[in-house]
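My notes follow the order in which I checked them.

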Amino acid sequence: MSEPSAPVRSGRPLALVTGASGGIGEELARLAARDGHDLVLVARRAERLEELAAELRRDGAEVEVVAADLESDAGQAAVEARLAEPGGRRPVDVLVNNAGFGTVGRFVDLPVEGELAQIALNVSALVRLTRAVLPRLVDAGRGGVLNVASLASFEPGPGMATYSATKAFVLSFTEAVREEVVGSGVRVCALCPGFTHTGFQERAGVRTDGLAGLAALAWQDAPEVARAGWEGFAADRAVTVPGSLNKAAAFSVRFAPRSAVRKLSARVVRQLH
Ligand SMILES: NC(=O)c1ccc[n+]([C@@H]2O[C@H](COP(=O)([O-])OP(=O)(O)OC[C@H]3O[C@@H](n4cnc5c(N)ncnc54)[C@H](OP(=O)(O)O)[C@@H]3O)[C@@H](O)[C@H]2O)c1
């Protein structure tokens, strides 16, 4: 974990993006900057964050870099403090809880450490950071929280049991908190990507070429997913599912029998092994 590399000036809204060192988070940070925000970039790989910070600074944004492991209590506490007690630094107006990862395999075969690490990052860090920033946002009557959930939020995921459960939590939590603060001027929104080409697959150790049928056609890239998410957040949409096939999938599981959804979901995840 490191201290922020530079203080930021006032005048533009400030967005803190977790998992900004790659994939969807990096693109969300670019979009926020393009949209007139200064940035606090959070992830473990400081050098990747510094490269992005240099790019965004060239485009006129002020950028802080906070290298922190959000699976750890210390890393969560550091970012929590940045959000809750800015001290002499500028308060954060927009929190993007994007950092996350998944493991693939039968739950009985997976080391429990990885399962617990997913809960720590995908759930605990997200709750802790949201709790740290939200009171001040509600008091101010502006700003917001964008939580990155998943298409997996809508169904149980045999083969990705813990991951899917964490993402079901993220969606449920986001919708509930949104309703609690409705009318306050604060936006609380969820982005639910489907299969997106990022570093996610490498960390999960999955194949990206094994999908057949509609699932194979549903792949998207990080910039288009981030764009849909950022636009959904700007429009204060509760839930954004990018891509028409993903939208259809999220919609149809509401009406299909749960037993059929479980089996279909298992079949899709098996193709990733
Ligand atoms: N790609 C997909 O198919 C897909 C589908 C649905 C939902 N999502 C969700 O989208 C979000 C972004 O994932 P992505 O697809 O962009 O994957 P990615 O390319 O692997 O990016 C993940 C980001 O999270 C950061 N991160 C991982 N572990 C961390 C930790 N312990 N502490 C702090 N930061 C950490 C990574 O940075 P460092 O490694 O530098 O820490 C990286 O910046 C995740 O929440 C994921 O669950 C992805």
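How many bridges join strand β5 (residues 144–148) to strand β6 (residues 187–191)? I found 5 bridges, and the two strands run parallel. In β6, R187 is the bridge partner of G144.

Before going on, I noted the ground rules. This is a predicted model, in which local features need pLDDT of at least 70 and side-chain atom pairs count only at pLDDT 80 or more, while totals for chains, interfaces and linings use all residues. Residues are numbered from 1 along each chain as its sequence is written. Helices (H or I, at least four residues) and strands (E, at least two) are DSSP runs, numbered from the N terminus. Two strands pair if DSSP finds at least two bridges between them.

**Sheet**

I then traced the whole sheet. It is open, has 7 strands in the order β3-β2-β1-β4-β5-β6-β9, and its pairing is parallel. β3 and β9 (239–240) stand at the edges with a single partner strand each, so one side of each has no neighbour in the sheet.

Next I looked at β1. Its link to β2 consists of 5 bridges, and these strands run parallel. A15 stands opposite L39 in β2. I checked burial by counting other C-beta atoms, placed from the backbone, within 10 Å of a residue's own: 20 or more is buried, 12 or fewer is exposed, and anything in between is partly exposed. By that count, 5 of the 5 residues of β1 are buried. L14, L16 and T18 point one way from the strand, and A15 and V17 point the other way. In a regular strand the side chains alternate between the two faces of the sheet.

**Helix α3**

Which residues of α3 are buried? I listed G75, Q76, A78, V79, R82 and L83. Seen down the helix axis, the buried residues of α3 fall within an arc of 160° (taken from the directions from the axis to the C-beta atoms), so they line one face. On the other side, A74 and A81 are exposed. The buried residues pack against β1 (14–18), β2 (38–43), β3 (63–67), β4 (94–97) and α4 (112–140).

**Ligand shell**

I counted 30 residues around the ligand, the closest being G19, G23, R44, G100 and G199; a residue qualifies if its C-beta atom, placed from the backbone, lies within 6 Å. The elements giving two or more residues are α1 (23–34) and α6 (200–204). The largest share, 3 residues, comes from α1.

**Two loop residues**

I found D236 in the loop between α8 (222–234) and β9. D236 is not a glycine, yet its phi is positive, about 55°. It has 14 C-beta neighbours inside 10 Å and therefore counts as partly exposed.

F101 is in the loop between β4 and α4. F101 is also partly exposed, with 17 other C-beta atoms within 10 Å. Leaving aside neighbours within four places in sequence, I found F101 in contact (C-beta atoms, placed from the backbone, within 7 Å) with Q118, L121, F200, R203 and A204.

Note on methods. Contact = placed C-beta atoms within 7 Å.
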